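Student: Could you go through this structure with me? I'd like to look at one residue up close and then at how the chains meet.
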Amino acid sequence: MANVTVSADELAQLGAPPAKKRRGLVRRSWDVFAENRLALVGLGFIVFIVLFCFLGPVFYQTNQSTTDLINTMCPPSGGHLLGCNELGYDQLGRLMAGGQTSIEVGLAAALVAVSFGTLYGAISGFFGGVVDAVMMRVVDAGLSLPSLMVLIIAAVIFHPSPVVMIFAIAVFYWFAVARLVRGETLTLRTREYVQAVKVVGGSKLRSVIRHVLPNAIGTIIVQATFAVADSILTLSGLGFLGLGVSAPATDWGSMLSGGLNYLQGSDPWWLIYPPGILIILTCISFNFIGDALRDAFETRLQRR
Amino acid sequence: MIGFLIRRIGQALIVLVIVTIIVLALVHLFPGGPVKALLGPRATPQQLAYYTQLYGFDKPFYEQYIKWVGQMLQGNLGYSDKLNQSVTSLIGQDLPKTIVLVLLGTIVSLLLGIPLGVYQAVRRYSIGDYVLTGISFLGYATPTFFFGLLLVDWFAVRTHIFPPFAPNSSSVLTILGDPRALVLPVVAYAFLLFALWSRYMRSSVMDNLVQDYVRTARAKGASERQVIWGHVFRNSLVSIVTLLGLSLPTLVAGAIFIEVVFNYPGMGLAFYNAAEQVDYQVLLGFTVLATAATVVGNLLADIGYAMLDPRVRY
């Protein structure tokens with residue numbers, strides 16, 4: 001055979017991967033994420049709303065701890081940009097204070113639920129057999145509990161503080177996460193690199209924590225993003241039913257709890273629309289981000 | 001098939017036992033215990049001791065559990081001292097009204113959500129698809145009660161097209177006799193579910209459209225209409241059955257919000273009122289009933305799925 005020499009250029013034309021195009025995993029996922037306009041808008045809105053709720057009170061100072069009965073239901077004006085509610089609290093300041101609770105509880109509940117659910121699901125899926133069967137029956141039971149009814153009972157039993165709300169919401173959310181991660185683990189544990197850990201003599205716990213979970217991380221992060229939106233919705237629902245955090249603390253749902261009463265009479269739109277719209281926009285933003293993340297992680301898998 | 005049925009029903013029974021244990025355990029968490037919740041804060045220690053013994057709360061937990069389950073199996077779900085009525089009769093009075101609401105809302109949302117989901121999948125990335133996708137994103141992010149409030153504001157307070165509240169009656173016939181009052185609650189309830197069905201149908205049809213059997217059908221000369229409605233639609237419909245069974249907790253939660261917003265006199269409103277009065281017998285009875293309905297719903301969905309889809313292995 002004749003000697004054939006191939007230049008680097010020709011190699012590149014033949015489809016060999018050029019070295020410089022291999023960028024980091026985070027960078028590639030970000031690129032896919034950034035292509036999604038809606039997700040960027042969502043991310044922008046989340047940044048805005050966090051600044052609004054947590055830094056806003058520094059610039060727009062209001063009294064959110066004592067009532068002001070002279071100014072009840074006052075319409076928007078120079079002193080109260082969004083008017084006052086039925087107890088004379090400044091509505092714009094209250095949106096900030098309520099937003100702090102809603103966002104903190106939403107994030108914390110999602111974190112608790114997803115961490116615990118992930119660990120539970122990974123263990124159940126990895127060990128399999130009787131352990132799996134028993135652990136999954138508990139999840140089945142949890143998923144068939146009507147969560148809102150039990151949350152209402154829980155709100156009657158415990159004095160609802162933000163910490164209580166975080167755990168009450170998380171208790172009902174982790175079941176779904178556990179089931180999802182278990183499914184992911186079942187497929188991952190048959191992969192060669194996980195089998196290899198066993199051959200080298202690594203413990204089961206090690207393979208779950210070091211090898212199975214990092215590979216399921218995409219699914220877990222996506223689930224966590226949706227969990228934030230769902231937790232904010234659940235909290236707002238309980239707040240609306242009058243079972244949220246107790247006054248003078250508030251959250252966006254609690255701000256709507258007397259909503260029906262406002263509808264009669266002087267038509268105070270500033271009491272109903274702002275908190276409701278903020279709940280919707282925040283949840284939509286988290287859902288947009290979750291959708292884009294799902295695409296980002298899936299593309300990462302496809303390009304491998 | 002028989003083996004599958006026995007195994008699946010066994011699982012459902014185990015789940016029911018776990019759930020009822022959890023629910024009964026909740027009773028003991030009430031502030032000051034269940035008897036104090038019943039008698040109020042000014043009860044004397046003698047009264048507390050007397051009623052604790054009378055209701056058997058001094059017995060070991062497993063004895064209480066067996067007695068409680070035994071009573072439930074005989075149709076005794078407890079007695080509401082606040083309403084002076086047995087929980088069973090309360091359910092008999094309120095359940096039909098809730099069923100009317102849930103059934104109408106579910107049917108309306110399915111009739112809209114399924115065809116529109118198919119349309120979205122067939123005409124994907126068209127303007128219609130984007131608009132409907134936007135609506136379902138809104139549906140996912142809007143709290144049920146807020147949408148209900150908006151409907152009341154727009155159609156009852158401002159324009160008086162529909163009455164803001166359902167007739168407050170104890171009979172289901174009165175509810176059905178005033179269909180105008182049912183419109184807003186049913187619309188609010190259907191909007192909550194519409195997003196669920198249409199999103200699911202869209203992705204399911206899109207998954208099915210790239211399957212081999214679709215290519216085969218097209219190769220055999222089937223028209224596009226036959227491919228979509230004769231093959232893809234029927235396959236996608238199967239998974240809606242499962243989704244319907246799994247969505248029962250969502251349906252129950254939705255009913256609570258709608259009934260509170262519209263003052264609709266069903267089980268959700270009764271449950272809410274019971275929570276405000278710490279009427280724990282009603283709270284427990286309703287929760288157990290809703291849970292049992294969910295477990296049975298999941299069971300039927302699984303069995304239905306197994307019967308409809310021959311690929312499911314038992």
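Student: Which residues does V241(B) touch, leaving out those up to four places away in sequence?
Tutor: In this predicted model, V241(B) is in contact with A301(B), G304(B), Y305(B) and L308(B), once residues up to four places away in sequence are set aside.

Student: And which helix is V241(B) in?
Tutor: V241(B) belongs to helix α11 of chain B, which covers residues 224–246.

Student: Okay, switching to the chains: how many residues of chain A are in contact with chain B?
Tutor: On the chain A side there are 33 residues, and they are in contact with 39 residues of chain B. Helices of chain A that each supply at least two residues to that side include α6 (129–144), α10 (204–240) and α12 (269–303).

Student: Which helix gives the most to that side of chain A?
Tutor: That is α7(A), with eight residues. As for the kinds of residue on the side of chain A that touches chain B, 23 are nonpolar, eight are polar and two are charged.

Student: You mentioned α10(A), so where does that helix bend?
Tutor: The bend in α10(A) is at I217(A) and amounts to about 55 degrees. The end C-alpha atoms of α10(A) span only 46 Å, whereas a straight helix of 37 residues would span 54 Å at 1.5 Å a residue.

Student: What follows α10(A)?
Tutor: After α10(A) comes G242(A), and the phi of G242(A) is positive, near 80 degrees.

Terms used
Residues numbered from 1 in each chain as written. Chains lettered and ligands numbered in written order. Predicted model: local features only at pLDDT ≥ 70, side-chain atom pairs only at ≥ 80, totals over all residues. Contact = placed C-beta atoms within 7 Å. Helix = DSSP H or I, 4+ residues; strand = E, 2+ residues; numbered from the N terminus. Nonpolar A, V, L, I, M, F, W, Y, C, P; charged D, E, K, R; others polar. Expected span 1.5 Å × (residues − 1). Bend = angle between axes of the 7 residues up to and from the residue.
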